[in-house]
Amino acid sequence: DKVLVPAFLNYDAFNFIVNGLDADGKLFKEAPDIEANRSFLCWMFNKYLASMTSVGGKVYCLKDSDDGVASAASIVLPAGVEVPLTTMIWHGLWQLPFFFGVRALVRTIKLLDEIEDLENKIKGQLGVMHLEDYLAVEPGVQGKGLGSKLLKAVLEKYNDQPLFLNTYSEGARRLYLRLGFVELGYVRSMTGTDLHFLAYGLSDEKLKGWLLPDGW
């Protein structure tokens, strides 16, 4: 709750799930009800972490002080590990419409399907890679290089093996590029904003043969 929830309060994907689009069909850049976003994120991350760790996903944390509390977190799905929708339903996704409405559930499933389809197209061409699913830094200590430090440690943990990720955040995209990631491409997501896909550790030979999937 200290790291993931504050870091993603106005993240495009979760803003879309909770609030949908405005009257002009555009994403709310600032959540109309920030507490609704906070409530959803607390609920969602608890369910997601239970689902992810049950299939072999990993959580890595970094502390900014000696208080024993993490200030940065990274969630990684090792190559070949996936979180099926059925697993998420088992761990509580079925409860979503009772807490946040049917529309939130429909938007969640549609968004998950969109991202999964795009990721499968990438893996179909470039092969199976580790997935950096979430990287977050507590807002109060952002700007200290904790995100870079943690991500470098994760890359070292996996021996610089190929790893990919997606992000709606332009700031995060710039960080990844500085750390040696290459941009594979981007799409205009159903959120109405750009979703970027980046990868690290791919050989020049792999990248030379990379073709943007149809529809990108």
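1. His196 has several partners from elsewhere in the chain. Leaving aside neighbours within four places in sequence, His196 is in contact with Leu165, Asn166, Thr167, Glu170, Arg173, Glu183, Gly185 and Tyr186. Contact means heavy atoms within 4.5 Å. This is a predicted model: local features need pLDDT of at least 70, side-chain atom pairs count only at pLDDT 80 or more, and totals for chains, interfaces and linings use all residues. Residues are numbered from 1 along each chain as its sequence is written, and side-chain values use heavy atoms, with hydrogens and water left out.

2. One of these partners is Glu183. The side chains of His196 and Glu183 make a polar contact at 2.4 Å. A polar contact is a pair of N or O atoms within 3.5 Å; within protein, one must be able to donate a hydrogen and the other to accept it, and residues adjacent in sequence count only if both atoms are side-chain atoms.

3. Is His196 buried or exposed? His196 counts as buried, because its relative accessibility is 8%. Buried means under 20% relative accessible area, exposed over 50%, partly exposed in between (1.4 Å probe, protein chains only). Across the protein chain, 46% of the 216 residues are buried.

4. His196 sits in strand S6, residues 194–200. The protein chain has 9 helices and 6 strands. Helices (H or I, at least four residues) and strands (E, at least two) are DSSP runs, numbered from the N terminus.

5. Take contacts in the protein chain between residues at least 6 apart in sequence: 67% join residues at least 24 apart.

6. Last, the overall extent. The C-alpha atoms of the protein chain fill a box of roughly 50 × 50 × 35 Å, taken along the principal axes.
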